[in-house]
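Me: I'd like to learn how to read a protein model, starting with strands and then moving on to helices. Can you walk me through it?

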Amino acid sequence: MCECGALGPVVKPPDAKVIVVGGGLARASAAYAMGARGLDVILVDRRSEYPVMFRAEKIEADQAEIMRRLGVLGHRRPLCDPVREVLSFEGGRVEVVDTVEQYGIDYTETVNCIREALLGVGVELINGAVSSIEADAFRPAVTIRDGRTLTATLVVLATGGSDKLIESLGMRRAMVPRLKSLSYGFDCVRSDGRPFDFVGFNHHLPPNARRIEYVTLFRIGGRMRANVFTRLTPRCDTAIALRKELERPGTVFPAPKRLRPYLHHDVRVAGAVLQIFLRAIRATLRRSSPAASSRAQLGAVSFFHRFGSSLNVHPHYHLVVLDGVFSKADDSEIAFHEAHGLTPDRIAQVESVVQKRVLRYFRRQGLLDEVDAAGMLTWQGSGGFSVDASVRIEAEDRAGIERLVR
Ligand SMILES: Cc1cc2nc3c(=O)[nH]c(=O)nc-3n(C[C@H](O)[C@H](O)[C@H](O)COP(=O)(O)OP(=O)(O)OC[C@H]3O[C@@H](n4cnc5c(N)ncnc54)[C@H](O)[C@@H]3O)c2cc1C
């Protein structure tokens with residue numbers, strides 16, 4: 001039994017026939033609803049199967065309700081439970097947002113699944129491109145490119161972004177507003193292979209020069225999907241860079257190109273490099289705090305960032321480090337020893353130590369051979385490694401700390 005009763009009874013005139021042109025989600029659903037209610041329906045689409053295309057991947061409660069009333073919600077693929085709880089990051093805070101109903105959908109599979117179900121409700125499917133429509137008030141006609149002409153009582157036109165037929169009927173698409181949204185969709189996995197501990201996440205970015213507006217993560221079946229919505233133009237540098245990164249995962253900055261894929265894909269390697277980095281900073285801080293013991297410890301919080309500000313793959317580390325060390329003599333309290341003389345030269349030494357030790361680590365792990373590692377040590381500058389310690393915040397600088405937290 002279908003769920004279309006919700007739409008009310010149909011009074012079917014004798015010989016009534018509906019031709020639906022275009023079999024995407026909109027019209028395949030309409031054709032299904034009309035077929036299930038006993039109408040004589042033909043669906044014409046230029047493709048026998050809906051191809052893999054990036055289209056709507058998430059439906060909200062009101063859209064789910066329409067699909068339910070049309071009887072096609074159960075044909076959504078892959079079937080998955082509604083999301084009940086979404087995390088939202090806005091204005092520097094994470095909040096939990098309760099959602100009544102929201103589904104991730106695989107658009108292509110969903111459309112093809114509804115199309116398959118059309119036969120079961122008596123809808124005839126015709127594969128062909130419609131070349132013209134005669135908008136006769138009593139007997140509209142549809143001509144297919146192979147020369148066939150079909151007549152009907154009603155023609156329903158929904159050919160997506162294709163404007164030709166619409167314009168031939170004297171209608172024009174109005175853009176409201178004229179700004180375009182360039183969107184990206186891709187699957188996400190955690191680098192440690194474990195499942196995500198949330199089912200949905202939304203991030204509204206404040207207006208920014210990169211023109212990325214909104215990022216949303218949600219599940220489609222067992223996959224975690226990301227959709228990024230931007231106000232970029234397709235040919236601007238950021239859009240081109242973003243497209244390249246998504247087409248070619250594994251590019252990493254700021255480490256040398258050779259090391260990037262390992263850092264990006266292997267959490268064990270990313271962790272080992274962080275340890276090397278922390279040890280080098282600790283040694284420098286100890287040297288810069290002569291009153292501290294040789295076993296003094298540093299205080300630091302680290303973040304491993306996988307993306308740059310335009311969401312390009314760009315693994316790098318952010319650290320908040322106290323510029324001093326903690327040490328404890330046998331009979332005394334823990335004391336903080338402020339470091340002195342943290343000059344650019346000393347920071348450059350950290351860079352050079354990290355470069356040597358990371359290359360040695362890669363060599364020992366069998367990820368780099370001897371010759372390549374030796375060659376990379378001779379690269380100009382810091383050989384692709386870079387440490388930027390230019391931001392310093394005084395303990396009393398509340399505004400600076402607030403900015404850091406945000
Ligand atoms: C990147 C992207 C992201 C989106 N995200 C969302 C979202 O999150 N939420 C949301 O609600 N909406 C979203 N949308 C919009 C949504 O995908 C569309 O509104 C919806 O797919 C339109 O469905 P449709 O059936 O009208 O068109 P389509 O799915 O485009 O189908 C049109 C059909 O018409 C056929 N056709 C075209 N010309 C002819 C012809 N001459 N003869 C015969 N057949 C023809 C095509 O073969 C096709 O099968 C998104 C769209 C895009 C592009």
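Reply: Two strands pair if DSSP finds at least two bridges between them. Helices (H or I, at least four residues) and strands (E, at least two) are DSSP runs, numbered from the N terminus. One caution: this is a predicted model, where local features need pLDDT of at least 70 and side-chain atom pairs count only at pLDDT 80 or more, while totals for chains, interfaces and linings use all residues. Residues are numbered from 1 along each chain as its sequence is written.

Me: How many bridges link strand 18 and strand 19, and in which sense do they pair?

Reply: In general, strands of a sheet pair through backbone hydrogen bonds, either parallel or antiparallel. Here, strand 18 (residues 324–328) pairs with strand 19 (residues 334–338) in the antiparallel sense, over 5 bridges. Val-325 sits opposite His-337 in strand 19, and a hairpin of 5 residues joins strand 18 to strand 19.

Me: And in what order do the strands of the open sheet come?

Reply: The order is 8-9-10, so to read it: 3 strands, with antiparallel pairing. Strand 8 (130–134) and strand 10 are the edge strands, each pairing on one side only. On average, neighbouring strands here are turned by 20° against each other, direction ignored. Strand 8 is joined to strand 9 (residues 141–144) by 4 bridges, and Glu-134 stands opposite Ala-141 in strand 9.

Me: Is Leu-150 buried, exposed or partly exposed?

Reply: You count C-beta atoms, placed from the backbone: a residue is buried if 20 or more others lie within 10 Å of its own, exposed if 12 or fewer, and partly exposed in between. Leu-150, in strand 10 (residues 149–151), has 19 C-beta neighbours inside 10 Å, so Leu-150 counts as partly exposed.

Me: Which residues does Leu-150 touch, leaving aside neighbours within four places in sequence?

Reply: A contact means that two C-beta atoms, placed from the backbone, lie within 7 Å. Leu-150 is in contact with Ile-19, Ile-42, Ala-141 and Val-142.

Me: Now helices. At what angle do helix 8 and helix 9 pack?

Reply: Two packed helices are described by the angle between their axes and the distance between the axes. Axes are lines fitted to C-alpha atoms, for helices over the stretch in contact, and angles run from 0 to 180 degrees between N-to-C directions. Helix 8 (residues 344–364) and helix 9 (residues 370–377) pack at about 170°, with axes 10 Å apart. That makes them roughly antiparallel (under 35 degrees is roughly parallel, over 145 roughly antiparallel, 65 to 115 roughly perpendicular, the rest oblique).
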